[in-house]
Amino acid sequence: MKIFKFVFLFVAMAASSLCAQDGPAMNVIVGDLDNPCGIAIQPETGAIFVSDSGASRIVKIVDGKVEPVITDFPVDIYGKGPKYNIGPLGLLFIDQNTLVVGGGDLIDGEEKLRVYDLKDAKLPIKADQMKTSSVLAAAGEEVKGEGNFYALAKTADAIYITCNGDDNKGWVAKAGFKGSDVASIERYLATKEATQIDAPVGVTISPRGELVIGQMGEITVPNDSLLTFYDANSKEMLLNLKTNLHDITALAYSNRGQLYALDFAWSDTKQGGLFQLLADGDGVKTKKIVALDKPTAMAFDADGSLYVTVIGEEKKGQLIKIQPGL
Amino acid sequence: MKRTLVVCALVSAWMVAMQHDPAVAETPLGLPTVVHPSDNAPSDAKIALGKQLYFDARLSVDDKVSCASCHDPKKGWSNGEATASGVGGQRGGRSAPTVLNTTYQRFQFWDGRADTLEQQALGPIANPIEMNLPIDAAVKKLSAIEGYQKQFQAVFGSPVSAEGIGKAIAAFERTVLSGNAPYDKYKINKDESALSDSAKQGMKLFFGKANCSACHVGPNFTDNGFHNLGVGMKAEKPDLGRFEITKLEGDRGSFKTPSLRDIARSAPYMHDGSLATLEDVVEHYSKGGIANDYLDEEIFTLKLSGEDKAALVTFLNEGLSSSTYPDVSAPELP
């Protein structure tokens with residue numbers, strides 16, 4: 001049964017890889033972002049939206065230039081050295097005009113999942129001009145408040161959001177949606193209890209509909225990131241695999257159904273990059289596609305191009321485009 | 001006697017080859033199977049040799065200090081003191097951690113400067129304030145002891161070597177395990193009677209309101225990471241711990257999260273031995289550690305009542321004490 005499940009989940013990952021040895025063709029689209037930490041591609045138009053997190057804004061990329069779309073998010077600081085200014089984090093369109101933004105700008109318990117209606121809006125809009133928002137507040141002494149909504153992924157009717165508040169539970173939260181109406185965020189899956197490893201960060205939905213989580217682990221511990229598959233409805237853990245990656249920040253399936261991860265590699269950022277995850281016996285093996293300097297988020301567009309944000313050097317964060325073929 | 005040992009060694013080497021592994025004792029309840037490095041498979045003879053070396057003070061310059069002097073099985077495999085004294089009574093600034101379950105650790109030492117037990121084992125022998133015997137001299141000294149000569153030949157097929165010393169000690173350390181605690185019986189065997197009501201309350205706090213499992217997690221109660229709790233940070237020249245190794249600003253004053261298994265046996269606590277009792281430790285966390293610029297974000301004031309604190313201590317004391325504690329005594333030395 002276990003083996004069956006395994007093969008089942010990995011079908012999409014098993015195909016051979018295609019990258020030439022010198023890596024895929026790529027180019028830098030924008031090079032002066034400030035801690036970019038999220039990417040979403042607008043349905044219908046294919047426009048790229050980026051969380052220019054340290055600059056407290058969300059921007060749209062038009063001909064290699066940034067156009068502010070939502071501005072004036074509050075700023076918070078992440079880390080103790082290196083330290084990063086952060087504002088908005090994860091981005092996701094649920095339809096052409098509805099953009100959902102995971103916050104990183106407020107303290108745990110007050111952090112917001114904000115929903116914006118971009119239709120006919122006069123841009124840029126202010127961060128507090130959202131259509132709706134919701135929080136995961138602390139409740140009594142037992143339940144801690146949630147924050148740093150790092151990444152978002154959706155099924156047909158729900159958004160899944162990785163959180164970084166209660167380190168005993170490691171919540172992935174969920175917000176249902178109908179049309180362009182997003183319900184309040186709620187605690188859903190306690191990944192730390194399930195895996196005994198901290199920090200769900202990367203999230204995606206597999207072509208078969210499973211919820212796939214990249215468990216980052218400790219930033220001070222190398223090689224401890226996990227790749228975990230859950231049944232999105234029953235919450236049953238289907239597979240939990242050691243990846244040997246250091247700090248997974250993002251997961252995404254390419255249009256060919258191949259699974260990729262970004263590794264931030266906190267304790268030695270030279271080891272960071274884009275990796276392909278391939279089934280290997282009972283486990284998973286990684287193949288480095290390209291080295292990247294502190295990569296944070298990624299999204300494939302309809303043509304199969306991959307867009308990646310990297311923090312890079314201070315105030316020189318990049319949006320990178322990798323040509324189709326992954 | 002010596003002859004028997006050699007025969008024993010050969011037999012067990014053969015048995016390893018046959019995939020039977022008498023050397024690998026059953027893993028105590030609650031712990032994962034011990035992983036042995038591919039170049040250091042265990043055998044009874046190797047473990048027996050490692051045990052002798054562990055207890056042998058001849059590995060120090062003045063024949064007075066062995067590993068067991070500072071990591072004494074009778075004292076929780078630590079030494080019962082705030083810091084450790086080596087040859088000539090010299091003291092370092094750090095407390096001797098337990099050797100229990102070190103096989104499960106991603107890093108060795110408070111600052112994680114060694115990766116493996118093999119790598120770690122030779123350090124203290126040569127360390128000037130611990131055993132102060134340069135490794136070459138140690139190899140020479142052991143080579144002059146007939147019993148060791150024979151055992152190294154039998155185990156490694158070569159004369160006494162630094163590598164062999166490290167491997168044998170590490171193989172022995174991999175047998176020093178603490179599991180099988182009331183917590184495991186409760187959690188795995190669902191034995192409700194394994195924990196007292198107070199210990200159960202403490203366990204709930206540990207994994208909830210008291211936030212302990214943010215760092216002390218998994219079968220060995222550690223995330224294997226490094227955190228700043230403020231311990232020792234008010235000193236004139238604080239020990240900067242992990243920072244000395246990584247030079248990452250955020251690692252200032254961070255130390256490795258220690259295992260908490262059989263923690264009742266290894267007072268005093270923390271990397272500098274500055275907290276005498278588990279009550280003191282819980283009080284430290286309850287008041288939110290010691291403020292400093294690098295304090296971990298998972299350390300904050302806890303609203304613990306007197307009863308909560310007592311329950312947490314009960315859980316640590318009762319819940320995590322192994323019923324098969326490896327109470328090893330010094331073996332006969334060659």
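Start by selecting H2(B) and H6(B): H2(B) passes H6(B) in a left-handed crossing, meaning the near helix is turned anticlockwise from the far one by less than a right angle. Helices here are DSSP runs (H or I, at least four residues), numbered from the N terminus. This is a predicted model, where local features need pLDDT of at least 70, side-chain atom pairs count only at pLDDT 80 or more, and totals for chains, interfaces and linings use all residues. Residues count from 1 along each chain as its sequence is written, chains are lettered from A and ligands numbered from 1 in the order written, and side-chain values use heavy atoms, without hydrogens and water.

H2(B) brings B:Ala45, B:Lys46, B:Leu49, B:Gln52 and B:Leu53, while H6(B) brings B:Tyr148, B:Gln151, B:Phe152, B:Val155 and B:Phe156.

Next, click on B:Leu53. Beyond its neighbours within four places in sequence, B:Leu53 is in contact with residues including B:Leu59, B:Leu142 and B:Ile165.

Zoom out to the largest nonpolar core, with 35 residues. Such a core is a set of buried Ala, Val, Leu, Ile, Met, Phe, Trp, Tyr and Cys residues joined through side-chain atoms within 4.5 Å; buried means under 20% relative accessible area (1.4 Å probe, protein chains only). Which helix gives the most to this core? H2(B) does, with 6 residues.

Last stop: H4(B). Select its buried residues, B:Leu117, B:Glu118, B:Gln120, B:Ala121, B:Pro124 and B:Ile125. What covers them includes H5 and H7 of chain B.

Note on methods: Buried means under 20% relative accessible area, exposed over 50%, partly exposed in between (1.4 Å probe, protein chains only). Helices (H or I, at least four residues) and strands (E, at least two) are DSSP runs, numbered from the N terminus. Contact means heavy atoms within 4.5 Å.
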